Amino acid sequence: MERRIKKHFQVTGMGCAGCAVTVERILRARAGVLDVRVNFADATALVVFDPRSETVMGLKQAVESAGYSLSALDDALPGEEERVQQREYRRSRRNAMMAILLAAPVLVIGMFFPGWEAGRWMMILLTLPVFLVPGRGIFTRAALRLRHGRADMDVLVATSAGIAFLASLFLTIWPGYLHHAATGAHLYHEAAAVVIALVLLGRYLEVRARAGAASAIKHLIEMQPQTAIRIAPDGEETEIPAREVHAGDVLVVKPGARVPADGAVTWGNSFVDESMITGEPLPAEKVEGNTVYAGSLNGRGNFHLRVEKEEHDTLLSRVIRLTREAQGSKVPVQRLADRVASIFVPIVACVSVLTFVTWIIAGGAEVFPLALLSSITVLVIACPCALGLATPMAIVAGIGKGALRHILFKDASCLERLSRVDAIVLDKTGTVTTGQPVVTAIEWLAGEERAMILSALERQSGHPLANAVTRALEGKGMVHGGEITRFEEIPGRGITGTVAGEEYVVGNERLLADRGIALPSEALAMREASEARGETVLFFALAFPVTGGQLLAVIAVADEIRESAEPVVRRLQKRGLNVYLLTGDNERAAAAVARRLGIEHFAAGVLPPGKERFIRELQQPGRIVAMVGDGVNDAGALARADVGIAMGKGAGVAIETAGVTLLTPDLHALDTAFTLSRQTLTTIRQNLFWAFIYNVIAIPVAAGVLYPLNGLLLDPAIAAAAMTFSSLSVVLNSLRLKWQAI
């Protein structure tokens, strides 16, 4: 049995950041749980656990005992996540509207008819339904939290509203108990109902705004088709749920339909819109043998595909999974905010009691109504929600926006580190160049009849340069080259192989030097002329048994520089970044590319281990280094860099290991990633500043520090409105990221 299972859950019942901390502690306390991330912003939890000692049911029961609930997202039916969110949205809207309708007449009577005897009883009768129907969840959750020795926003709201209501009831029954009974009654009657109504209204608006910030996942999920048409061996077509598609199945994709799974075309042809997957603006032609991706949109053609990856393992599914995980991750500053949120409610409760005691000591029984009012207001105005939402809301919005622009951040810490990068290393082949080289010339010095052997050897390699040679030779009909009895690929140098008892080498000058094969003057002249044009030169030679050999051909290969490379390099330099070009190619070819791009620093002839060493040396003075590569030959350098950025369509080694993956070959996405990281970190700082400042200013004012100076004392209803606004301001500020230009 697998020893680590990773599950995503929807969490309901969380009312503030303290709730998220509580849920995380409950789950982390379970014996079989290895890691937990609870995200208050999108109400989700990522749990990694050992199935031998923990079950999904056990996790659910542990959380439900504290008044929350879990529902698994990974195993949910199509659209189930959205249905859960819609239910939560409708419930919060219904509660808010009902509470407002009931609280409105209470507010009117309390403000305009404070001395109306019958009106006081009407306010009590209207407040009770607010508590028992829309506000019932607040009191129920507060009781559960207290029973488990925990406190959160619901406890603060329930306590303040409950005290206000009981005080109002007491002063209504015994109006002459205190000298300021009339004043007290006026102050408390409307407070209880209005506080509950405004809190529920705030949560409804918050749920609505948070759904907008997290809409990226929804857009990606909507791209997943829910059905597929499977072709049986006898040719019969059957429509089945996409979840029942298995590797090896043959599916038919009709005009206008979305591709249900990753696979290869086996029959037919069409143009497929892959823009939401790869970022390519124009539809790509698909013929037999081509790969298609789940979620891409078929054009007017009709084709069959053989499934290679099932629903849970498609590129789109991985993008959704990684985006969700990244949105649930935390930047270092959030851990401080979480620690503050975890002790915030007990501290506020102590401040409230201290406020009441201070008022009584300073003014005696005469100020009892004011003391009670101030202590209630402290409980109401304190807002751990703004503090808890400050970081995760910005992360959800920023990472979600990146996903829609074909930029995947592995986690929030990568987003944060990218904003601090001061040096960036660009690999040449496949990054600043298209990675689709073309043979410009093959000059045969001897043995042209061995061209088919060259084709057979290059066909065994997956290197882009080898593929270019293979295409050029196959275009001339040179396909069959004999049986290869031994083949070896030497990273950074080339390949060797044995055909009919003779050993051949194909590669760069270093490989030939290793085998003792000298280059004649004619070959040296060809090499210099090609490298001056920025082309890569390969050599094909027959190796002798001991040492030495005979050079057979000189091959010139050109890899076109991407159109976006030069403007992106200029923008990176304007950001103050030191840009480096790194390549395993020769010095002249590297210099030619660096000169065209305006890059001052470059290193040529660097093998894969050397790339990692180059990154390590750059980091020595304390630089924060980003490495951009194709994610395959550069895996070591990507891992060594502070931020590894993989280019392409998400090679298996890259999409799970790189800090950032660009699913589009357009280098403008690289510049966008830097802009997005800085915008997100700026938003986080703004949110945290306002969340801290709000509480630092609001709590003392609510306690009455300004009362001796100007007689200012906040009403609990105004405090509830201020508390609601503080949370909404953080959410709306994060929501700006969706529309902010990048």
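Predicted model: local features only at pLDDT ≥ 70, side-chain atom pairs only at ≥ 80, totals over all residues.

User: How many helices and strands are in the chain?
Analyst: The chain has 27 helices and 25 strands. These are DSSP runs numbered from the N terminus, helices being H or I with at least four residues and strands E with at least two.

User: And what share of the residues is buried?
Analyst: Buried residues are 54% of the 742. Buried means under 20% relative accessible area with a 1.4 Å probe, protein chains only.

User: Which residues touch the most others in the largest nonpolar core?
Analyst: That core has 133 residues, and Met14, Leu27, Phe409, Ile424, Leu426, Ile645 and Leu670 touch the most other members. A nonpolar core here is a set of buried Ala, Val, Leu, Ile, Met, Phe, Trp, Tyr and Cys residues joined through side-chain atoms within 4.5 Å. Helix α25 (residues 668-703) gives the most to this core, 15 residues.

User: What does Leu27 contact beyond its sequence neighbours?
Analyst: Leaving aside neighbours within four places, Leu27 is in contact (heavy atoms within 4.5 Å) with Val33, Val36, Val38, Val47, Leu59, Val63 and Leu70.

User: OK, new topic. What's the strand order in the seven-stranded sheet?
Analyst: The order is β13-β25-β24-β23-β14-β21-β22, an open sheet with mixed pairing. Two strands pair if DSSP finds at least two bridges between them. β13 (407-409) and β22 (601-603) each have a single partner strand, so one side of each is left without a neighbour in the sheet.

User: In what sense do β14 and β21 pair?
Analyst: Strands β14 (residues 423-427) and β21 (residues 578-582) run parallel, with five bridges. Asp427 has Leu582 of β21 as its bridge partner.

User: Which strands does α25 touch?
Analyst: Helix α25 packs on the sheet and touches β13, β14, β23 (625-629), β24 (643-647) and β25 (660-662).

User: Last one: which residues of α17 are buried?
Analyst: In helix α17 (residues 464-474), Leu465, Ala466, Ala468, Val469, Thr470 and Leu473 are buried. Their cover includes β15 (438-444), α16 (451-459), β19 (536-543) and β20 (549-558).

How values were computed
Residues numbered from 1 in each chain as written. Heavy atoms only, no water. Buried < 20%, exposed > 50% of the residue type's maximum accessible area, 1.4 Å probe, protein only. Axes fitted to C-alpha atoms, helices over the stretch in contact; angles between N-to-C directions.
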